[in-house]
Amino acid sequence: MKTATLSDVLKMIQKNSAAVAIVVVIVLNVVVTPHFLSTSTLWNVVIQSSTVLLVALGITLTIATGGIDLTVGSMMALTAALTAVLIPIDPVLAPVVALCAALALGALNGVLVSRLKIQALILTLAGMLMIRGLAQVATDGRVVPLSGFLVDFAAWRLPGGIPSQLLVSVLAAALVFFIVRRTTFGTYIEAIGDSPRAAEMAGLPTKMVLPGVYMASAFLAGVAGLMQAGRLAAADPTNIGDAIHLDAIAAVAIGGANLLGGRPNVGGTILGVLLLQLIDVMLNMNNIPYAFSLALKALIIIGAVYLQLVRRKS
Amino acid sequence: MKHRIPLVLHWLGDNRAWVALFVVGALAAILFAPFLTPNNLLNVMRQASIIGLLAAGMTFVMITRGIDLSVGSILALSGVAYASFAHAGALVATLVALCVGAAAGFINAVIIVRLGLDPFVATIASMFGFRGIALLVTGETPVRIDSALTDAFFIGRSSIFGIPLPVVVLLLVFVVLSWCARYTRTGRSVYAVGGNEAGSQMMGLPIARAKTLVYVLSGTLAGLAGVLLASRLGSGQPTAGDTYDLTAIAAVVIGGTLLSGGVGRLSGTLAGVLLIAIIANAFNLQGQLNTWWQNALTGAILLALIVAQAAITQARARPSRRVNSLAAAPAPFSGMAAQLSTPKK
């Protein structure tokens, strides 16, 4: 009797490993970290995780098709840099033009992946270097100060002190969730991820779906770049989004996505992002060095992904 | 008689990374007078040696369908180890650093082979982990090598017959590993595992051993690269090699190794490494473009090379899958491959 309940609990933990880990981290923090249970901590987590969340949502989609998009960090930088440079010309059109540039590059990624069947990892690796360079070219390598509605929006609070970043995060997550679960496009994404050849043989428009997915990823990254630049009130083409793809991929993996493709798991991605951010906040609030947080992240990624593997096998 | 021209074309196609290298090299020689001086060429080779060692390990990892993103962090960790043990003599320090690299590679292998994690996620995690350890043990500051310890600088700074020692090390590693890949049973099973894992398993090949071996090799070579870098810089930097993994992967892919496993040659990788080094060198020799344009153009050139390489590989693979001369081992399984193609996890 006792062993049965124990194994039930274990199964429950395995099924929701990310959620359980989040609860564990929160409980640990309530005990260990002074002033953890406050709205300012909560908003801090929300604000800091918003950019990674947007990027991770895009990566959730590309991973679901069996691909990957490493250009996201460079896309953030390019959008921010172009916006900062174009704002003196036309403050309203600047972010629109910048996002269009990101969309165009995303479309290029998608077309090359679907038409030439180039491995997304390698293609976006080179794209990442090139787009980072383009972002630097746009501002001539300088950090351009930013002002105007992007900065105002980043600092804006909804009634009740809710940060604007939460609004954007919720909107983006809801939109991606809707696309994945309620549209034909979402079904196509999953079908391509399960088996690209079967999808193609069944007559699915893979050559249209993949560009759409990489455009969505580029767009989400672009919005993340604008939010980041708004929050910092500056566009830094070299440092914005640097290595953010690693955190985003880690979050997607912790969230339970199959990296070889298949059903996108939006809820899992959100939990993964929150877990990684909570760990950062916990170590930060306790003055534990950044190096330690890196090492801890490694263990958590390996542990979470391993638990999912065990579950999938059983 | 009819075969003659296509045979030449085939040979050129098999060595297209080298063809690209000579084309780019010739362009650089025409455009920039100082390019073809022995000094400059040796400089290019010396700069290529660090990435070259990482790329050599990465080639075998990618032949088994894996990837190792942690090599930059392992390089930093072993560089720190080398600098910390330099007082015990260069040989001891080198051995310690190589052991650190091998141990790190073994940890990767355990996570990937035993726990069954996807190599991509596993090595992202270990990249964080090894970097974290390197920063923790050094307190986030570089470890200086005492300048009185002249033997510690030997491997990174001295030359034999005018050839920088790092270049000699690089060439030795490539020659030995090429031989191992071609003529040893282990080398062949590495290709077989990447070409068709299920088939290899049915043939009784030691899959787990081959996979473990490639990650340990990759870690050890990253350790050697860490030694060279620390010895040249005179310090072990915990932040070194931050994006070297990506450059190494780019070099391997330009060299013709496929991410889908089973296909790849070290000679191609060497051409890829030198190609990237020559592009960087050419940008150094010209005096017009600023760093930002150089970054963008380097990315664009890599993108073009990768797209071309992938397009050619796809086109050649389609009509009849020619068996790569080095991938001779998996050939007997190719019929089985159709029946046994591994279902997705």
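**Briefing: salt bridges, a helix pair and a chain interface**

Over all chains, a search of the whole structure finds five salt bridges, a salt bridge being a side-chain nitrogen of Lys or Arg within 4 Å of a carboxyl oxygen of Asp or Glu. This is a predicted model, in which local features need pLDDT of at least 70 and side-chain atom pairs count only at pLDDT 80 or more, while totals for chains, interfaces and linings use all residues. Residues are numbered from 1 along each chain as its sequence is written, chains are lettered from A and ligands numbered from 1 in the order in which they are written, and side-chain values use heavy atoms, with hydrogens and water left out.

**A salt bridge in chain A**

- Lys117(A) pairs with Glu200(A) in a salt bridge whose closest N and O atoms are 3.9 Å apart.
- Lys117(A) lies in the loop between helix H5 (93-115) and helix H6 (120-139) of chain A, and Glu200(A) in helix H10 (residues 196-201) of chain A, so the pair ties together parts that are 83 residues apart in sequence.
- Helices (H or I, at least four residues) are DSSP runs, numbered from the N terminus.

**Two helices of chain A**

- The axes of helix H8 (residues 164-182) of chain A and helix H11 (residues 206-232) of chain A come within 12 Å and cross at roughly 175°.
- H8(A) is therefore roughly antiparallel to H11(A), a term for angles over 145 degrees.
- Gln165(A), Val168(A), Ala172(A) and Val176(A) of H8(A) make the contact with Leu220(A), Val223(A), Met227(A) and Arg231(A) of H11(A); contact means heavy atoms within 4.5 Å.

**The interface of chains B and A**

- In chain B, 39 residues are in contact with 46 residues of chain A.
- The area buried between the two chains (accessible area, 1.4 Å probe, lost on being put together and summed over both) is about 3,800 Å², and carbon and sulfur atoms give 81% of this area.
- Helix H6 (119-138), helix H12 (244-254) and helix H14 (291-317) of chain B are the elements that give two or more residues to the side of chain B that touches chain A.
- H14(B) provides the largest share of that side, twelve residues.
- Across the interface of chain B and chain A, the rule finds zero salt bridges.

Methods: Axes fitted to C-alpha atoms, helices over the stretch in contact; angles between N-to-C directions. Parallel < 35°, antiparallel > 145°, perpendicular 65-115°, else oblique.
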